Amino acid sequence: MTEVPPAAGASASLWERDEEVAAVVQAIDALCADRSSSVGLLVFRGEAGLGKTALLAETRRLAEERGCMVWSARGGETLRSVPFNVVRQLLQPALVSLLPEEAREYLGDWYDIAGPALGIADPGERRADPQGVCDGLVAAVRRLAKRDWPLVLLVDDAHWADQETLRWLAAFAERLHDLSVLVVVARRPGEVTGESARHLDAVAAAAGRPATTLSALTPDATAGLTRATVGRHADDPFCREVWAVTGGNPYETVELLAKVQDSELEPVESSAGELRALNRSARGGGLVARLEGLGIDATRFAWAAAILGTGISVGLVARLTTMRPEQAVRCAELLCTARILTAPDPAGAQADDGDLEFVHPLIATAVYNSIPDALRTAMHGIAAQIVTDSGRGAAAASRHLLQVHPDDDAELVEQLREAAREHLAVGAPDAARRCLERALKEPPRPDVHARVLYELGCATLLTAPARTIDHLQTALALPGLDGPARVDAVFRLSQALLHNDQLEQAVRTVEAEAARHEEGPARLRLRAVQYMWEGIYAGEAPAPGRSERLAELAHTCTGRDNSERALLILRGFDAMTHGENAEEVVEVCDRALVNGRLAPGLGWTDTEWGIELLMMLGSSYAYADRLDRAENLFAEALRTYTTAGWSGGHLALANAFLGLAFRRQGRLKDAETVLRESLRLAERVGRGLPLYWSATCGLVDTLLARGHVQQAWTIAEQYGFTPPYPSTIVLPDTRSVRGRLLLAVGRTEDGINELEGAEKAAAARGGHNPVLAPWTIDLAGALATQDPTRAARLAADARRQAERFGTDTAIGEALRCAARLETGQRKVRLAAQAVTYLEASPCQYEHAAARIEYGLAARSTTELNRGLTLARSCGADGLARQAREGLAELEA
């Protein structure tokens with residue numbers, strides 16, 4: 001390269017960055033050209049000092065020249081524990097320009113969800129859902145971005161951003177396809193691991209192009225920069241030595257050349273030997289020695305600035321170091337002259353920035369690491385006190401509290417517990433976890449230790465079930481956790497075991513705790529929880545007499561409290577799954593309601609019982625042909641979770657079970673829509689969990705009903721809908737749906753084997769509902785040719801079970817099965833009977849299928865046309881095609 005300097009007004013660190021700047025210019029031009037088109041994302045990677053910050057500063061300059069609004073933020077090495085720190089920085093220009101009522105108007109329903117995380121609204125009474133908060137932040141930025149077009153977002157040092165911001169950034173990056181905004185991210189390679197690394201990888205993937213990796217300057221560029229800085233008379237040997245000493249690192253080159261100027265060193269070969277000593281003084285130990293040379297007061301000032309990390313003001317540093325104001329001002333001037341601190345760039349300053357910032361993150365890191373360990377922890381303690389005294393709350397002080405040396409301080413434990421509660425209230429469970437883990441190191445007093453472990457277990461329940469199990473098991477083994485708190489801890493432990501696919505252990509844990517209690521409310525709740533987990537356990541056969549004991553216990557319940565209401569729901573679900581009389585199922589479930597609605601304390605966002613119990617209630621109504629009640633329950637769940645901002649596993653399950661209700665009603669298009677949304681949400685939570693199976697199984701079942709066999713197979717392959725199955729019951733029944741899928745794609749033997757597996761599982765559980773797990777009907781149809789005797793026996797069993805259950809749907813489906821095994825007039829009579837029952841059923845898909853089968857058997861164009869109309873209204877394309885083919889054959 002020739003010694004051509006960067007454009008006028010640009011940083012000296014932009015030498016040899018022509019391609020990168022050109023990419024920025026092209027992106028800004030595209031942004032300003034058309035408000036309706038999406039622009040996208042640029043990611044710049046580079047080691048420390050290679051000019052990432054300078055490139056972002058040039059992006060700001062170019063964007064503002066074109067009239068763009070620019071929001072910027074920067075991660076900080078000592079600020080990674082502060083949740084939402086970087087996204088708050090980013091949005092401050094927009095937020096401070098809005099009055100509170102304007103912010104509420106712009107953010108709409110997301111105000112109460114994202115507002116607390118942004119610091120513009122008080123948190124609600126309930127713990128915020130982290131995924132909901134993330135979605136709220138995405139929505140907030142999208143709305144504000146549309147207001148402030150053309151908009152450029154700059155995120156510097158993203159490798160040091162807090163995990164909550166990185167989660168938002170990854171989600172936002174995936175939603176840029178329909179938004180006219182330019183996002184530019186700069187980061188170092190490596191530096192982070194775990195979830196933060198995964199989020200940064202997702203950001204890079206969303207860019208749709210490889211990240212641009214910055215390289216060191218070439219010798220020619222270093223020579224050009226040297227001569228542009230110290231004079232054209234710098235000779236070649238001197239320039240080559242500058243490059244050799246700095247390795248072409250732009251930051252080190254600029255700093256070294258500044259030292260050359262300060263020392264009035266002649267840029268000639270005879271002076272080149274002094275460059276290495278000058279370079280050492282600009283970084284690492286040399287920088288520390290240079291700092292110490294400025295005097296103890298200046299050193300203390302720099303240390304305090306490094307402790308603060310952000311919002312560095314002379315007054316705050318004076319308080320932290322107990323300096324007089326005039327001393328602090330003098331130290332600030334010394335450090336600025338020495339190029340250790342500088343005033344923030346007015347163009348990029350945030351509303352809450354202080355008077356000063358470090359010239360470069362490398363300097364901030366070197367200064368922070370130079371503070372003696374004991375003094376560093378003491379200064380963090382003082383900083384925490386200053387933050388607390390300022391009224392900013394325990395959460396704001398927690399980043400300093402985390403660094404304080406453990407010293408058996410009961411007050412510190414309480415501060416960290418309070419900080420954890422504040423973090424949970426805004427949707428930052430990882431920050432809460434760090435506070436509580438630090439509290440354990442203090443350590444807490446013996447009478448508080450178990451409580452801290454319990455709170456830690458609750459904080460990690462949604463994000464780390466395995467870790468939750470350890471914390472809660474330890475808490476329960478310690479003294480100090482008694483009464484309702486202990487019972488609740490056992491329930492949380494059993495939930496964590498369930499989410500970790502250890503359902504059998506969950507059952508045993510609750511059973512053992514119930515045995516420790518005398519008869520009373522605590523024991524009743526624990527017994528109900530035990531029955532709940534046993535009721536959804538798909539493993540070994542239940543204990544002998546379980547259903548009878550549950551029925552006897554529920555018989556005495558009047559629904560006077562939520563423990564009794566829970567037992568009534570569990571009894572109704574147990575009776576439904578075993579195919580007992582549907583009217584009795586509905587009667588028991590109705591007794592669990594208060595005036596037809598969920599009781600206070602038993603709602604969808606109440607935590608005493610969890611979501612599983614209410615899903616069991618809605619499922620009992622769905623399979624007992626009370627689909628209106630099931631739909632109302634699941635639609636209420638969807639509304640409640642959406643309003644509350646719960647967009648993780650709870651919302652995924654609400655969509656899955658609403659899809660189940662729609663599928664049962666025959667609203668197949670609606671079912672497919674909400675089930676695809678459920679699967680999208682479940683993907684974010686993690687594969688392999690029961691909710692993931694519910695979404696996948698429901699979608700496969702719905703696509704098969706629609707006649708979209710290839711789509712169903714693709715979904716099954718893509719999302720792992722194959723054995724081994726989870727330890728929990730999944731609705732609809734996994735083996736039945738998988739068997740039906742295999743039959744539909746022509747793998748008859750595999751399908752029969754799968755359905756026979758469902759048969760064995762049902763026998764182990766002591767019977768089944770033929771509508772809930774329709775393997776009997778599908779297996780009878782699959783065996784009709786190769787084993788007609790067994791097929792007839794299965795059809796008769798299905799008829800007997802259906803009569804016992806007593807719903808129109810169950811009896812109609814059993815009659816359809818029997819009709820498919822017959823010929824002649826007997827086939828016609830059975831098909832007609834099936835139509836009679838299914839016409840009275842709320843399940844319109846099954847009614848349409850029965851009409852078409854009857855029309856084909858009776859060769860009736862009237863029935864085929866009626867069936868075709870029903871099939872079209874259901875979205876059942878396969879049935880509609882079957883009806884049209886039948887009509888064509890009759891007309892021919």
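Tutor: Here is a quick chat about the overall build, the domains, a charged patch and some backbone features.

Student: Fine. What kind of model is it?
Tutor: This is a predicted model, where local features need pLDDT of at least 70, side-chain atom pairs count only at pLDDT 80 or more, and totals for chains, interfaces and linings use all residues. Residues are numbered from 1 along each chain as its sequence is written, and side-chain values use heavy atoms, with hydrogens and water left out.

Student: How many helices and strands are there?
Tutor: The protein has 44 helices and seven strands. Both are DSSP runs numbered from the N terminus: helices are H or I with at least four residues, strands are E with at least two.

Student: What share of the residues is buried?
Tutor: 56% of the 892 residues count as buried. Buried means under 20% relative accessible area, exposed means over 50%, and partly exposed is in between (1.4 Å probe, protein chains only).

Student: And which domains is it divided into?
Tutor: Domain 1 (17-213), domain 2 (228-283), domain 3 (295-371), domain 4 (483-630) and domain 5 (637-732). The bounds come from an automatic or database domain assignment.

Student: How far apart are the C-alpha centres of domain 1 and domain 2?
Tutor: They lie 37 Å apart.

Student: New topic. Which residues gather in the patch of negative charge?
Tutor: Asp407, Asp408, Asp409 and Glu411, on the surface. Patch residues have over 30% relative accessible area and no salt bridge, and like charges are joined within 9 Å. A salt bridge is a side-chain nitrogen of Lys or Arg within 4 Å of a carboxyl oxygen of Asp or Glu.

Student: Where is Asp408?
Tutor: Asp408 sits in the loop between helix 19 and helix 20. Its phi is near 55°, a positive value in a residue other than glycine.

Student: Is Asp408 buried or exposed?
Tutor: Asp408 is exposed, at 56% relative accessible area. Asp409 is partly exposed, at 33%.

Student: What about the phi of Phe84?
Tutor: Phe84 has a positive phi of about 65°, although it is not a glycine. Phe84 is buried, with a relative accessible area of 4%. Most residues other than glycine have a negative phi, and most peptide bonds are trans.

Student: Which peptide bond is cis at Pro443?
Tutor: The one from Glu442 to Pro443, with omega near -5°. Pro443 lies in the loop between helix 21 (429-441) and helix 22 (446-459). The bond from Leu731 to Pro732 is also cis, with omega near -5°.

Note on methods: Patch = residues over 30% accessible without salt bridge, like charges linked within 9 Å, V, L, I, M, F, W, Y side chains within 5 Å. Areas by Shrake-Rupley, 256 points an atom, 1.4 Å probe, with all protein chains shown as cover. Lys, Arg positive; Asp, Glu negative; His and termini not counted. Charge placed at Lys NZ, Arg CZ, Asp CG, Glu CD.
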